[in-house]
Structure formats: C-alpha cells, structure tokens
Amino acid sequence: MTATANGIATQSAEATSVGDVVLDVDDLSVVFPTEEGLVKAVSNLSYQARLGRTLAIVGESGSGKSVSSMAVLGLHNPKRTQITGSIKLDGIELVGAPQSTFQKIRSTKAAMVFQDPQSALHPFHKVGKQIAEAYLAHNKVSRSVAEKRAIEMLDLVGIPNPKRRALQYPHEFSGGMRQRAMIALGLVNDPKLLIADEPTTALDVTVQAQILDLVNDLQKEFGSAVILITHDLAVVAETADDIVVMYAGRGVEKGDAKEVLAQPSMPYTYGLLQSLPSHSEDLAELKAIQGSPPSLLNLPPGCSFHPRCEFKDQVPGDACWTQLPEWRPTPGLANRQLRCHLPDPVRTLQEDEGVR
Amino acid sequence: MSDQMTAPTRAAADTAAKPLLEVTDLQRYFPFREVQGLRMVKATVKAVDGISFTLRQGQTLGLVGESGCGKSTTARLITRLDEPTAGSVVFEGRDITHLKEHELRSIRRDVQMIFQDPYCSLNPRHTIGSILTTPLKVHGLHKGNEKRRVQELLELVGLNPEHINRYPSEFSGGQRQRIGIARALAVEPKLIIADEPVSALDVSIQAQVMNLLAKLRDELDLAFVFVAHDLGVVRHFCDQVAVMYLGKIVEYGDKKKIYEAPEHPYTQALLSAAPDINVARGIAPKERIRLVGDVPSPIDPPSGCRFRTRCWKAQDICAQVEPPLMTSVEDTTSVRAKRDRGLHLQACHFAEVKTTLVAEVPAEPAG
C-alpha cells in the first residue's frame, strides 16, 4: 500500500535500507487538559527510529514513554489531547493528520504490540480470523487467502500446529502464545515499524526470554525498525541498539544502548542503574534515588529531576532550579547526548562510584 | 549494617532455638467442575502439592518461581487465609493447620502479611490513621495511646507522622507500600509474609522499599517469607531460597549456592532466562539455556518429574519416578535433618552443578 493518495504529502524519500530513518519524532509534546489543569505527559521529545535497529524508550511509570508512542499511531482522543511538534513516519507528517491517514498507516507502516495480550486480542473472535481481518483491511484478496496468510504468520512466530491454533479463541492460548499471536497480528501487513509496549512485562522470565528472542529474530528477517518501550534496563541491555531515557515527559539521555547502560552520564540514568539489585552482585544496601517522580500537572521549574538529584550542588549558580537544560553532547563521550547542567557529568559520576 | 556480618551470627544463634515456622508436606487442591462435551467432570487444580520447609527467627526464606507455581498459595496457607488440604503448618510449636477463625486471632498477631498491590490492599475510604489503628484495637494494644503508636509507626517506615489524617489516594505507590508495611508492623509480629512486595513499584522506588524492609528486619529481628518472581530482588534480600515449579519445591538451599552453582535444571534455566544488565558492560554469561514451551497446567501435571516436559535432560525414568528432594552429597539422615543443617537440596534424577550461567563480574577495587 502506498499512502500517497488523498493528498498525503510525501515530503522525503521512503526508508528502504538498513539505517534509514523510518520514524522521526521532533519536539513532540502531548498535553491532556483536565479539570485540575494541563497534564504535560510528553514535553519536547525528539528521537528517531531506524530500519533494522531497536530503539529502547526507557523510563518509570508516568514518564511519558507509552503516551509518546500512542501518538505515533494516533491512539489519543483528538478532542481531549493537544499534540504539537512533528511525527514523520516514512515521510508522512502525522501531527494534525486526519483519522483516515492513521487508518492507512496502522498495520501497514507501523504496528503496536501491547503489554497485555489478554485485553488486546478480541475475546469473541478466533485468533486466525483476527489476523486475517487485519490483512483484509489493507489488501484486496479473498478471505481464504487472508486466512492462509494468518496461518503462515502464526507459524512464523513459532506457534506449534498453526492450522488448529488459528481456529481457537484467545482464552485457549497461554500468555506467551497470546503474545506471539499479538506479534503475528502486528506483522501481518509487513510494517516498517513495530512498537512493542512492555511486551514481556506480563510474562514469566522463561517465556520473556523466548519472546525477546523472537522479536530479535523477526527483526533480522524483516529488517524493520523496532521501538521497545520498557522499564526493565536488563531487557534493554540484551536487546536494544539505541536508547532514550525519559523522565517526567522529557528525554534526558540518549545514545548507544549498551554504552549508556555501561557508563551513564545523566544523574537519573545513573541513579536508576545504581538502584537495581543486580543479581550478579551482593550489596548490603541498595542505592535508591530519594523521593518520587513529580506530578505532571505541576512540573518543577528548571530541570525536572533536580528535586531528587544528589549532584545539583555541583552545578555553579542556580541553573538546576531556573533553567531547563537543553540537549547537548556529553563532554568526553562520543555519540551521546544529555540534558543536564553538570559541567563534567562523566567525571562527577565516576567519582561518586569510586567513593562508594 | 552489612549482611555478610549479620547472616552467620543470626544462623549460629538459630541452630539452638526451636523453629518459628515448620511446614510439612503442605498441600492445597482446588476442586472444580469442568464441562467436557456434554458432561460435567470433576477436576482439581493442584496448586501446592507437598512442600516442606523450616524457618527460624530472623531468617529470610525466598520463594521463587513462575506464575502458577503455587508460591502465593503457599503464602496464603502459612497465614491461614486459606486452609490446607493436607499437611501441617506449625507456628512456634502450635499446629495452626486447621484452627477455627476465632482461634486464629493470636496467630494473626504474630504472622502478618504485606501484599503486592498497594492500590488494592488499602481501603480508599479510610484515613491512614484509621487503617493503622484498627489492628491495634483488634488486638487491644497500646490502649489509650493508639495515636502515638501510629505516629511512631509512620516515622518507622519513613512517612511524615503529620499525614495521619490523609487518605491512601493522596500517597504515591511507594508511600502506600510503606503504609502497608506499617500496618503489618503495628501488632509487632514475629513473622512477615511478603507476597511480591515490590513488584508493583518503579525501580527507583523499589530500591527504597527494599532498603526499608532490610532495615526493619535487622532492627526488629523479623523472620520473612519473601515471595517474588524477580530473581535479583530475592538474591538481594533472602538467606535461603526455595525454587518452586508446579506446586513443588525443586531446589532449596543457601542463596549463594542457588545463584552461583544451581543443580536443578529448572533453576538453571530460570537464572539463564533472566536478562542481565552486565551484558551492557560486555560481560556475558558463558552459557544460555532457553526453555521451549510454557508451564503445563496444574490440573493435570506431568507424571514423574513435573519439569520433564520442558527439560533437555529428560529420559524415561523422569516420566516414571518422581525425583525426591535430596542432597547430592552422601547423607543418610532424614530430609528434615538435612534441611535443618543447611544442606542444599534438589529434586532431579540427573542433577549437576552448573556455574557458567551467570556472568562473572570482576571484583571491584575496594574503595
């Protein structure tokens, strides 16, 4: 399916080879007006997803990681959401686009795998039928062809005996199988971008490992871009290529996933990593970040993290309280950007690690 | 307040004392009717199927396993929120397995529970003060002084004592979990059953609550049964670990041994499946085990060894003979005696030690 009809502008060339940008999110803000005021769920977020690479969006609950990705697929109620900035999916501008545009790009260009497959699959329809329907919506084929395609997809995601399974209902599937079916449903129209929102959080460890392996294998096979939304840093370490760390609706650090986790340069990323009870080390006490995330109704002035930051007194003046830090390259680290006022974050954090 | 210091001294003091909690061959079957074709068929879910363990004062036992392995049911049986089908639970020498509701009151004071979801486990229409005063009133503690005791408790768990008149909705998830902990501590229990106490919390908050629990355990000399699926959290918090699979304990022993040299294939697979943050630092485990398929249904568990359907070592004997919980070391004493002496137990016909599953982290320079 090409989406050039109906006056949808194709401003840049479509992404075709590995490394091409499929999704370009620039200065995205998502605001929900409520009775109590404006909830700034996402503020000035920018990132890019590239073909053949996995981008991890990491943050705690309420950091805006899911909200930003739902904006990509137009899943917010336009009447109750203010979205500004730019989201370009394969050259198509999606901010302010009509529902018809979203209907065209959903499943063909971008698809989403949700956290809870139990509620994301329709309980009244057979699994095979649900997948076939997604295929029929975008392809002019007969139902039997679509059903064959559904069985193929179930086979592809490693569901044993796909012919029989296609005729079963979601409740007859186990948690891991359901998530596989979700992935099959997401990939049936061969999208260039797969957004996986906490795909393994509801699953057990041994099944989580299977699903993560599957996503990795499928990505290699299809060469699509994957956005992995998660709070689990260990999952990121094992699967992602790039990373954006979010805090209170803003990106605070981005770069190569493994490098960021091995040597964080933003105090929040550092604090998160320090507070993990890594099961390879024995420590007497965990190093927790004090306090809790701010309310999105009332973000603190300056850097959102400053009330919890233990390094703020190392910044000259009162920049942390008054100025929002802009994106800048981390001094001393290639290929890394952060939002922090610390003059030499790498050294500051290294010294802190040495002290402990 | 280092764990390495306190653990051995705690253990040494314990061997003389009699156990706080003794669980023997505990079973819980849930009968239900199922429609098969046109007929109703009786079936049972074997949620917990013969588990035994002993806990002494100040000890912490971790129960780990995947969903449906019976770890939460075990927690509910020990607290007697549910009645076992068979087996016994002995608390401080008193058999509490089949006590009646009114007889349980004294046990309720000594055994308290911390729940997983701090949003469901606090009544939204009660103030914090009322939530924390209720257990004091029920047990007639601190009569006339309840308010002061509640403020003390709030301070103990790191909350502002002035917040006594607030409602749960005014607190964040981490703070609510602290309230849940304060409620459990209100009646000065000896044993706390914590059912996934931190899994609903964000990483940074999780660490705060873990530290609080560890501090309280050391200060108040509490024994814990700690139910969790997060292997990292259990490793951090527990002295002993019991790994469960489909209602049975498959491996039991000292934390260090379980994590560094597991013997049972399921423990090995579980450890191997957990993603490891150290991969980012270029330290990968030497070996990876990936299980195929899902956990079988506890309605009709496999014969013999329950893990055999997913096990790569399975042979004919595994389907015929159920492997008992035993040591790999030559020893003729009873299972209970072995457990009491802190021996490592596993239930597998082909157990062997594997030390290659967890990445070796080079020792950090002392500083």
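Which elements do the buried residues of α7(B) pack against?

## Packing of α7(B)

This is a predicted model. In it, the buried residues of α7(B) pack against one element of chain A, α11 (267-274). They also pack against β3 (60-64), α6 (173-185), β8 (223-228) and α8 of chain B.

The buried residues themselves are Val203(B), Ser204(B), Ile205(B), Gln206(B), Ala207(B), Gln208(B), Val209(B), Met210(B), Leu213(B) and Arg217(B).

## Helix geometry

α7(B) has 18 residues. At 1.5 Å a residue it should span 26 Å. The expected span is 1.5 Å times one less than the number of residues. The end C-alpha atoms of α7(B) are 26 Å apart, so model and expectation agree.

Asp221(B) follows the helix. The phi of Asp221(B) is positive, near 55 degrees.

## The contact between chains A and B

Chain B puts 40 residues into the contact, and chain A puts in 38 residues. On the chain B side, the elements giving two or more residues are α7 (203-220), α8 (231-237) and α10 (265-273). α7(B) gives the most, with 8 residues.

What is the make-up by class of the side of chain B that touches chain A? There are 21 nonpolar, 11 polar and 8 charged residues.

## Confidence in chain A

The average pLDDT of chain A is 89. A score of at least 70 is reached by 94% of the residues.

Residues 1-12 of chain A have a pLDDT below 50. In the model, this stretch has 17 contacts beyond near neighbours in sequence.

Conventions:
Residues numbered from 1 in each chain as written. Chains lettered and ligands numbered in written order. Predicted model: local features only at pLDDT ≥ 70, side-chain atom pairs only at ≥ 80, totals over all residues. Contact = placed C-beta atoms within 7 Å. Helix = DSSP H or I, 4+ residues; strand = E, 2+ residues; numbered from the N terminus. Nonpolar A, V, L, I, M, F, W, Y, C, P; charged D, E, K, R; others polar. Buried ≥ 20, exposed ≤ 12 C-beta atoms within 10 Å, placed from the backbone. pLDDT = per-residue confidence, 0-100.
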